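Subject: Structure handover

Hello,

Here is the structure you asked for. Please keep it open while you read the notes below.

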Protein chains: 2
Amino acid sequence: MRVVVVGHGMVGHRVLDELAAHRPAGDVDDVVVLGAEQAEPYNRVLLSEVVAGRYAPSSIRLPALGERCGRILTGRRAVHLDRAARLVVDDAGQSHPYDALILATGASARVPDVEGLADLPLLADAGVHVLRGVDDAVGILAQVHDARRATVVGGGVLGLEIALALVGHGLATTLVHGGDTVMDRQLGPAAGAAAAGALETAGVRVRTGARPTAVGHRDGRVTSLTLADGSQLLTDLVVLAAGTQPDVDLARAAGLPVSRGIVVGADLASPGDPRVFAVGDCAQPPQGSTGLVAQGWEQARRLAVVIERRRAALTSGEPPVAESDPTDPIDPADGGELPLPAGGTDVVRVKGAGIDVVSMGVSGGTHRPDGARRLALADPDGGRYLELVVLDRRVVGATCVGGGRVASDLVAAYTRGTLVPADPAQLLLRPVAGAAVTTDSPLRMPDSATLCRCNSVTKGQVVAAWRDGARSVGDVAACTRATTGCGGCADAVGGVVEWLRESDPEQASAPARDAAGV
Amino acid sequence: MRVVVVGHGMVGHRVLDELAAHRPAGDVDDVVVLGAEQAEPYNRVLLSEVVAGRYAPSSIRLPALGERCGRILTGRRAVHLDRAARLVVDDAGQSHPYDALILATGASARVPDVEGLADLPLLADAGVHVLRGVDDAVGILAQVHDARRATVVGGGVLGLEIALALVGHGLATTLVHGGDTVMDRQLGPAAGAAAAGALETAGVRVRTGARPTAVGHRDGRVTSLTLADGSQLLTDLVVLAAGTQPDVDLARAAGLPVSRGIVVGADLASPGDPRVFAVGDCAQPPQGSTGLVAQGWEQARRLAVVIERRRAALTSGEPPVAESDPTDPIDPADGGELPLPAGGTDVVRVKGAGIDVVSMGVSGGTHRPDGARRLALADPDGGRYLELVVLDRRVVGATCVGGGRVASDLVAAYTRGTLVPADPAQLLLRPVAGAAVTTDSPLRMPDSATLCRCNSVTKGQVVAAWRDGARSVGDVAACTRATTGCGGCADAVGGVVEWLRESDPEQASAPARDAAGV
């Protein structure tokens, strides 16, 4: 089977891995990946951490894949799709024939319509940036030390992370957001106000309900940003974090159905061509796109199942017939072969020093399912707002601003689907110190405890990796993928590795391979 | 010294007791009390409990006072005050000369201006009631069994209690309230909504933002109530709980300064006549009147101190001179001799089956002091709203709707002024069952724990009363005053008495008089 994957981002990378994992032993497919960037695939979610200086650009690379996964061509952009001939042409002029084509082209940063931006053809040189690729991060870092005042446009998760990163570099930073409260896509007004309070405390000036209308510049460098109310912000550096738009040009030019993204069914196939699939940020599945990497990874897993099921049809000359109506939402009864998205693929965590915002599932006060119970703990003077939505004694959504470790407990309850206490409000507070059960000590943590939720890696698997020879967080990441998602578990994984180093020094040289309770 | 007390309600009664307690041993004053009601003084706060059938009218009597307190003339209304001659004339024509006059005339129920009420000269016979005296309670009870539909006008504490009492008798009951939410004097909107939810669950129909404009009647009996929006409620029984107005006629006719109530200074003396004092609901002290009995009792205590300090001046022919400017607010430095109102005199608790509302201090979102921190736990689907206001690590206000025993903990923290935990939100939830410390068991309760907050009676004092021979809640009430305030501690005191009966059976006949840890 000839497979072409267009796009070698986090999801395209995962597609290769999943295809190899689902491929029958002995089968060899011809898999080609076209990556537009020169860089090896990296963890895009951690780009704001690179801007903050907490990670070096090199340290966010994803683990390398084995030979069996396919041929990876970096610096090759797909420029033409000929569906009749079943081939993709790249910008080096090379043609790549396929039986199955997987579009994982991702999304680009949206550049808002602001007067004066068009006069700055080389935005990054002018001090105006987006943050979508590792080059963008490096470009921002290169200018941070000469700048004094920064403006971030867009108060979503990425905008908050960038603003905190720039404040951390000592820049006087203003966050400009069009909505009434920051992160209004995830947070209700009270939670958004608490998050804004945390930003202000961290040193970020927050301007909500503000829309930039023009940039001023001199000698090819940005000097100011004018807002719709006429006020003018002096600034040396602008970072645009005003959302993304799916990269759909290749699909649209080939006549495939495109709405906001590339339209696909529950089986991730295009309704216009059963040999073409789309996953990740470029795709528009029936249940909608969250823009979160966990959803793309889940899609990669399902896609591998679908392609394996359709191998015979895809490799025959006849066009394969979809086995279910691809426009249907996923049938829960079909969970075995087309697994449903796992709970917890929509946990959003803001990464940054001085802020503590986590949101998951149904929250923010919108689209609450019938019969769901909403509880909230508001402590505006304490910078805290916690919200919990419970349905049938399970957490179906939560928002935590300034909640500290309560957030971890809620994420655990949400992703594991554990039953809530008789009084669900108990989840909004941790037991007082005296009575606290330190579930955080690696010693007391059960082997089944999930450390890396993005990749479903348990403590037991980290211990097994240690026994197999992994001696650092990087080694553990290479074996288990732990820490390569949102990165939020890096401390926890590091803590377990540290604990193993101290408690299990003999093991370092012993080749023990027992399962360690996994 | 000749003292005349006008009014023999809860506060007038307490004045006699306090005067006797502060009088130097050996002194005998001529104290006369004029009580307009025929009944012996009773606990007015429990009238709604009488309507609910939980107390018999006879069981809410206050403990009788000893001979030394004064001569009590019941059924005598004061009709004239001659300040020049320093005497009060009663409705039997008898004159009562005084050196000091204490007005404790209380307040009457306010009858709202509703068309048709004037056509019903005998309101109670027509099925329209107020609830201010024990006769009112008896009058309502007499009609409850023939009525099917009841309407309560006024959604304050008393209105809620009456509505719940009537629902308890099986009447289809509607509560009509002019404000946007019930108890809006004490509760913010979210708490008010939770309280209204509890009322609805208990079976009370709640109509907020509704103003009655007319009563309909036939054959001298009420038949309906028309609201300002034109809707008509059919009803056999109407209870007006639309607030009170201070009884100031005697003072006003005598030319004393009267505003809403009888104006007094911090020393409770009238600025118009240093021999005339006013306490309780008829008085208007500089800090305002709460309408709560605890404030009146506190005033009775302060008044006894003031009168004792001015004994020489009051008994001389010369008019006494106030020792401080009576219009000043109470000087905290003067706390020793003119004690400040004790914390916790403004705890409001709604009594009724199926409702759980307690409010104290600064709450409801209004007049929050600078620097105070407000926390709230909202659980509307669970019928719960808890609010806490903290200043300088102490509780300065709280609202509890549907909070169960959390309310007791908050009242204790508020009245005792204990330090709040590092995370004050811990006060909004009790520890989970497994970890609960059962401070409620009499065995574990310290002797210093206050059982009756209205009268500051500790567990140790109840134990001491038991050892002195008290064998029932009534006996304990007679010795200690416990349970004679808001009545909220009746269960707790009963529990301690029960525990003593079981754990200390020998003690019943033994005349032990040791202090039992008080």
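At what angle do helix α1 (residues 10-22) of chain A and helix α8 (residues 293-309) of chain A pack, and how far apart are their axes? The angle is about 35 degrees, and the axes are 8 Å apart. Axes here are lines fitted to C-alpha atoms, for helices over the stretch in contact, and angles run from 0 to 180 degrees between N-to-C directions. Helices (H or I, at least four residues) and strands (E, at least two) are DSSP runs, numbered from the N terminus.

First, some conventions. This is a predicted model, in which local features need pLDDT of at least 70 and side-chain atom pairs count only at pLDDT 80 or more, while totals for chains, interfaces and linings use all residues. Residues are numbered from 1 along each chain as its sequence is written, chains are lettered from A and ligands numbered from 1 in the order in which they are written, and side-chain values use heavy atoms, with hydrogens and water left out.

Helix pairs

The crossing of α1(A) and α8(A) is right-handed (the near helix is turned clockwise from the far one by less than a right angle).

Helix α11 (residues 459-467) and helix α13 (residues 490-503), both of chain A, pack at about 50 degrees with axes 10 Å apart. That angle makes α11(A) oblique to α13(A) (under 35 degrees is roughly parallel, over 145 roughly antiparallel, 65 to 115 roughly perpendicular, and the rest oblique). This crossing is right-handed. On the α11(A) side, A:Lys459, A:Val462, A:Val463 and A:Trp466 take part.

Between the chains

In the contact between the chains, 21 residues of chain B meet 21 residues of chain A. The buried area is about 1600 Å², with 47% from carbon and sulfur atoms (accessible area, 1.4 Å probe, that two parts lose on being put together, summed over both).

Salt bridges

Four salt bridges link chain B and chain A (a side-chain nitrogen of Lys or Arg within 4 Å of a carboxyl oxygen of Asp or Glu). A:Arg384 and B:Asp423 form a salt bridge at 2.6 Å, N to O.

Within chain A, A:Asp99 pairs with A:Arg86 at 3.5 Å between the closest N and O atoms. A:Asp99 is in the loop between β6 (95-97) and β7 (100-103) and A:Arg86 in the loop between β4 (78-82) and β5 (87-90), so the pair ties together parts 13 residues apart in sequence.

Regards

Terms used:
Contact = heavy atoms within 4.5 Å.
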